[in-house]
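Here's a quick briefing to read with the structure open beside you.

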Amino acid sequence: MAEDEVTLRLSRDEAMVLFEWLYRTDEMTNDFADLVEDQAEQRALWNLTCLLERELVEPFSPQYAELVEQARARLRDEGS
């Protein structure tokens with residue numbers, strides 16, 4: 001790994017929930033434009049979305065919505 005890179009480890013559930021939120025937020029905010037102060041933040045969010053998309057096969061599944069809901073349920077705090 002290059003010294004200028006950071007490695008993060010996510011569970012598959014975390015990756016799926018985060019990907020779904022990023023994708024939905026991107027759609028709702030017109031490419032994150034309504035959320036960022038600087039275009040570099042927008043680029044970082046796009047890059048993160050792309051990295052997750054490369055790792056996940058679930059978004060291409062006909063049961064994607066159900067899979068995301070199951071991942072959300074496993075990540076929720078008890079009682080939430």
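The largest nonpolar core here has eleven residues: Ala 15, Met 16, Phe 19, Leu 22, Phe 32, Val 36, Leu 52, Leu 56, Tyr 64, Val 68 and Ala 71. A nonpolar core is a set of buried Ala, Val, Leu, Ile, Met, Phe, Trp, Tyr and Cys residues joined through side-chain atoms within 4.5 Å. Keep in mind that this is a predicted model, where local features need pLDDT of at least 70 and side-chain atom pairs count only at pLDDT 80 or more, while totals for chains, interfaces and linings use all residues. Residues are numbered from 1 along each chain as its sequence is written, and side-chain values use heavy atoms, with hydrogens and water left out.

**Helix α3**
- This helix covers residues 64–75, twelve residues in total, and reaches 17 Å from its first C-alpha to its last, close to the 16 Å expected. That expected span is 1.5 Å times one less than the number of residues.
- Tyr 64, Val 68 and Ala 71 are the buried residues of α3, with buried meaning under 20% relative accessible area, exposed over 50%, and partly exposed in between (1.4 Å probe, protein chains only).
- Looking down the axis of α3, the buried residues fall within an arc of 60°, so they line one face of the helix. The arc is taken from the directions from the helix axis to the C-beta atoms.
- Ala 65 and Arg 74 are exposed on the other side of α3.
- The cover over the buried residues of α3 includes α1 (12–28).

**The loop between α1 and α2**
- Asp 31 sits in the loop between α1 and α2 (39–55), and has a positive phi of about 65° although it is not a glycine.
- At 34% relative accessibility, Asp 31 counts as partly exposed.
- Phe 32 lies in the loop between α1 and α2, and its phi is also positive, near 65°.
- Phe 32 counts as buried, at 1% relative accessibility.
- Leaving out residues up to four places away in sequence, Phe 32 touches Leu 22, Thr 25, Asp 26, Gln 42, Leu 45, Trp 46 and Thr 49 (contact means heavy atoms within 4.5 Å).

How values were computed. Helices (H or I, at least four residues) and strands (E, at least two) are DSSP runs, numbered from the N terminus.
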